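Here is a model to question term by term.

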Amino acid sequence: MVGQAFTVDLNKPLVFQVGHLGEAYEEWVHQPIVSKETPRFFKNDIMEFLTRTAWWAIPLIWLPVVYCFVSSSVKIGLPPYHLSTAMVVGIFIWTLLEYSLHRFLFHMKTTGYWGNTAHYLLHGCHHKHPMDGLRLVFPPAAAAILAFPLWHLVKTLAPAPYAPAMFGGGLLGYVMYDCTHYYLHHGKPLKGVSHQLKRNHMDHHFRIQDKGYGITSNFWDWVFGTTLPKKSAKKSS
């Protein structure tokens, strides 16, 4: 039974409590608290501030960065067709990265104190508090730390004129991902692709957590066999 050895006090900062759950953490973190309230993570106000990000900060901060990278390829002389192709490739690579991070990193199994603590900060908090609007998108400081080595990897592997546009495309894909993710939780699409994406993502949260890892697309779930099974039709009486 969850919490026999240790019970998390939701009225106190959470991050340094969850590690004590041990093997019970996996079950606890997938018992969501459906509330728009933002729980306290840290006692320190600066650390607490760094964990909270409004959704609009993502396009505000990162779209100018996308522009700078794409402009670099333009200044180098990359033709428009090649520029757009490089950006589309970058977006496509991002969708695979999005899927892979979500499946293999964000849903890794942990039981130790520091493993549970790190997982809760990385993604577990989102499953425990899925409607927390200030912890739905990735904090810019953490994103910048991850973006730096990724840029150097792209710069190493891609031809010089194409690398900035490709990386800019990847960043654009990331912005689309974070904004889509926020919309799927707080928007109310009634039909079309956005409605289907929302239904799949809500099923991932509340029905089957080890399926449906795609946010902006279900393509990679289809490729790797992790699509969510359809709900069984009710038998007619």
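Q: Why are helix 4 and helix 8 called roughly antiparallel to each other?
A: In this predicted model, the axes of helix 4 (residues 57-76) and helix 8 cross at roughly 160°. Angles over 145 degrees count as roughly antiparallel. Helix 4 and helix 8 are therefore roughly antiparallel. Their axes come within 7 Å, and the crossing is left-handed.

Q: Which residues of helix 4 and helix 8 meet?
A: On the helix 4 side, the list includes Ile58, Trp62, Leu63, Val66, Phe69 and Ser73. On the helix 8 side, it includes Pro164, Phe167, Leu171, Val175, Asp178 and Cys179. By class, the contact of helix 4 with helix 8 has 16 nonpolar, three polar and one charged residues.

Q: Which residues of helix 5 and helix 8 meet, and how do they divide by class?
A: Helix 5 brings Leu83, Met87, Ile91, Trp94 and Glu98, among them. Helix 8 brings residues including Met166, Gly169, Gly170, Gly173 and Tyr177. The contact of helix 5 with helix 8 has 12 nonpolar, four polar and one charged residues.

Q: Why are helix 4 and helix 7 called roughly parallel to each other?
A: Helix 4 and helix 7 (residues 140-157) pack at an angle of about 20°. The cut-off for roughly parallel is under 35 degrees. Helix 4 and helix 7 therefore count as roughly parallel. Their axes are 12 Å apart, and the crossing of helix 4 and helix 7 is right-handed.

Q: Which residues make the contact of helix 4 with helix 7?
A: Ile61, Trp62 and Phe69 in helix 4 meet Pro140, Ala143, Ala144 and Trp151 in helix 7. The contact of helix 4 with helix 7 has seven nonpolar, no polar and no charged residues.

Q: How do you know whether threonine 110 is buried or exposed?
A: Threonine 110 has a relative accessible area of 10%. Buried means under 20%. Threonine 110 is therefore buried. Threonine 110 lies in the loop between helix 5 (80-105) and helix 6 (113-128). Beyond four places in sequence, threonine 110 touches Gly22, Tyr25, Gly115, Asn116 and His119.

Q: What makes the pair threonine 110 and asparagine 116 a polar contact?
A: The side chains of threonine 110 and asparagine 116 are joined at 2.7 Å. The cut-off is 3.5 Å between N or O atoms. The pair counts as a polar contact.

Q: Is threonine 95 buried or exposed?
A: Threonine 95, in helix 5, has 17% relative accessibility. The limit for buried is under 20%, so threonine 95 counts as buried. Leaving aside neighbours within four places in sequence, threonine 95 is in contact with Thr216 and Trp220.

Q: Why does lysine 36 count as exposed?
A: Lysine 36 has 64% relative accessibility. Exposed means over 50%, so lysine 36 counts as exposed. Lysine 36 lies in the loop between helix 2 (25-29) and helix 3 (45-50). Beyond four places in sequence, lysine 36 is in contact with Met131 and His186. Lysine 36 and histidine 129 are 93 residues apart in sequence and 8.0 Å apart in space, C-alpha to C-alpha.

Conventions
Residues are numbered from 1 along each chain as its sequence is written. This is a predicted model: local features need pLDDT of at least 70, side-chain atom pairs count only at pLDDT 80 or more; totals for chains, interfaces and linings use all residues. Side-chain values use heavy atoms; hydrogens and water are left out. Helices (H or I, at least four residues) and strands (E, at least two) are DSSP runs, numbered from the N terminus. Buried means under 20% relative accessible area, exposed over 50%, partly exposed in between (1.4 Å probe, protein chains only). A polar contact is a pair of N or O atoms within 3.5 Å; within protein, one must be able to donate a hydrogen and the other to accept it, and residues adjacent in sequence count only if both atoms are side-chain atoms. Contact means heavy atoms within 4.5 Å. Ala, Val, Leu, Ile, Met, Phe, Trp, Tyr, Cys and Pro count as nonpolar, Asp, Glu, Lys and Arg as charged, and the others, Gly among them, as polar. Axes are lines fitted to C-alpha atoms, for helices over the stretch in contact, and angles run from 0 to 180 degrees between N-to-C directions. Angles under 35 degrees count as roughly parallel, over 145 as roughly antiparallel, 65 to 115 as roughly perpendicular and the rest as oblique. A crossing is left-handed if the near helix is turned anticlockwise from the far one by less than a right angle, and right-handed if clockwise.
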